[in-house]
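Dear colleague,

I am handing over a structure to you with this email, and my notes on it follow. Please keep it open beside you as you read.

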Amino acid sequence: LERYEAALADFELCGDELECARTRSNALQTLIYLSRYDDALRWADAAREVFLRCGEPLRLARLDGNRANLYYRQDRLEEAIALYEDIERRFAELGQPRDIAAVLRNKAVCQLGLSQFDAALETHRQARAFCVAHNMAGLAAECDYTIANLHHQRGDYLLARSLYRDARREARRLGDAYHAALCDLDEAELLLDLNLSKEAASNARRAARVFRRLGLGVESTKAQVFSALAVAAMGATRGALRALSSAQ
């Protein structure tokens, strides 16, 4: 974010409004991960005004993709799905396969959040096939993670654990620490459901370390909560209460 802000200051000094808009648009995901939603919306509105005036349909579509991502982080899932579906059509018209793959995957995550399991699985499979067909290994690996999470949410624990292991291994191979840690985080929740408290605590702590290193407050807090629940289940009530208080 510091780099984006420095670039923005330079472009403003040069009077280059299009590069200012591009910088604000590209920085949105960073602001979202930092939970600075109001700032993200202000930057999105400023960028939209410029892109509309300059006739930039691709940049407008990508900007709206980031806005949909913001809605997802705020649990505004219906709004996010509606926007993803609109963007998918626009990216298809503009011939942007990588953008289409990301939108499909993100839409499926929202469908899962609404317990639309069949629709989510179908969208995930469509997204994964699209990624494989267009040689996008990183996005295919992200699809593998979300498919594992879908089976977890449906209660298919044995299959979900196997898929989490495969997705984590592939994420690490690709150097994707974020999705590897997400596998640890979600598997920790699954292990809590199975009363495998020691394993759950180990997964949650490992995930928390990665998320703290990446500066991701929402994910690291979730990991801290799962760790506290696992510790409580093993009888360490005081330690669990301290962790929950910190998370709160």
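**The largest pocket**

The model is predicted, so local features need pLDDT of at least 70 and side-chain atom pairs pLDDT 80 or more, while totals for chains, interfaces and linings use all residues. Residues are numbered from 1 along each chain as its sequence is written, and side-chain values use heavy atoms, without hydrogens or water.A pocket, on a 1 Å grid over the protein atoms alone, is an open set of points where a 1.4 Å probe fits, with protein on both sides within 12 Å along at least five of seven lines, and lining residues have an atom within 4 Å of a point. The largest pocket holds about 1500 Å³ of space, and among its 45 lining residues Tyr33, Tyr72, Arg105, Asn106 and Tyr178 lie nearest its centre.

**The cysteines**

The structure holds zero disulfides, a disulfide being a pair of cysteine sulfur atoms within 2.5 Å. The sulfur of Cys110 is too far for a bond, because the closest cysteine sulfur, in Cys143, is 14 Å away. Cys131 is in no disulfide either, with the nearest cysteine sulfur, that of Cys143, 4.3 Å away. Cys110 has 1% relative accessibility and counts as buried (under 20% relative accessible area, with a 1.4 Å probe and protein chains only), and Cys131 is buried with a relative accessible area of 1%.

Best wishes

Notes
Buried means under 20% relative accessible area, exposed over 50%, partly exposed in between (1.4 Å probe, protein chains only). Grid points are joined across faces, edges and corners, and a volume is the space filled by probe spheres set on the points.
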